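Keep the 3D view open while you read.

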Amino acid sequence: SIPLAIQMLNGTKLPGSSNRVKVEQAKFVMKGDYNPKLKPKKKNNKNKTKKKKQDNMLDWRDRAGGDDLRPKHAKIVIMKHCFDPKEFLEDACMITEIRDDIRQECEKLGPVKKVLLFDRHPDGVVSVKFDTHESAEDAVKVFDKRWFGGQQIEATQWDGVTDYAIEETAKEREARLASWHKFIGDGEVDKPESAAKQASSESTILQSSSLDQTS
């Protein structure tokens, strides 16, 4: 308690000094007269400014342009009907060829950060992440309703929610392995696991990557 602290500490000497400590109960006195009509003083805005900066850093919106509040996922363009997944059962190398062709065309509109091909999606989905919103918007205008590989593309900006990755079924895996062994000239489908891993490596990388990995 306060009286006990005063009793024990008041008048004691500090170690290595002849000075004595004076302890007394604190007194709080208001400066000036209290006027309830006066507005309270404004608080320090340093903490508020710091919090605002932190919120901006974690925000999902781009603020490089100051007033540009477009979401980051709007830089990603989703293109449907770019391929038929059945084509990859006959020739897995087509995955790389189609991806490179789309990247080459998209780079005419601006820098491209990533091209992701969802090789098991029935709609033949490809996602393209551009460096700027403007390039993504131009890509939608250029590629929507455009014909590619005998199919008409449907191009839109990603909604930031839809996940186009589809897991491979056991039946699909068996068919893919059979196609792979046929491609390398090996009729044994059930044996070498190393060949199976080699056949699925690129497809697994494409399906496990996230649309939103960025920048």
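## The largest core

The largest nonpolar core has 21 residues, and the ones touching the most other members are Val77, Met79, Ile102, Cys106, Val126, Val128 and Phe130. A nonpolar core here is a set of buried Ala, Val, Leu, Ile, Met, Phe, Trp, Tyr and Cys residues joined through side-chain atoms within 4.5 Å. Buried means under 20% relative accessible area, with exposed over 50% and partly exposed in between (1.4 Å probe, protein chains only).

Two or more residues each come from strand 1 (76-80), helix 4 (94-106), strand 2, strand 3 (125-130) and helix 5 (133-143). Helices (H or I, at least four residues) and strands (E, at least two) are DSSP runs, numbered from the N terminus.

## Another core

Apart from that one sits a core of 7 residues, including Ile76, Phe118, Val125 and Tyr164.

## Ring pairs

There are 2 aromatic pairs. Rings of Phe, Tyr and Trp (its six-membered ring) pair up if their centres lie within 6.5 Å; planes under 30 degrees apart are stacked, over 60 edge-to-face, and the rest tilted.

Phe83 and Phe88 make a tilted pair, 5.1 Å centre to centre with 45° between the planes. Both Phe83 and Phe88 are buried. As for Phe118 and Tyr164, their ring centres are 6.2 Å apart and their planes at 50°, so this pair is tilted. Phe118 lies in strand 2 (residues 112-118) and Tyr164 in the loop between strand 6 (154-157) and helix 6 (170-184), so the pair links distant parts of the chain, 46 residues apart.

## About the model

This is a predicted model: local features need pLDDT of at least 70, side-chain atom pairs count only at pLDDT 80 or more, and totals for chains, interfaces and linings use all residues. Residues are numbered from 1 along each chain as its sequence is written, and side-chain values use heavy atoms, leaving out hydrogens and water.
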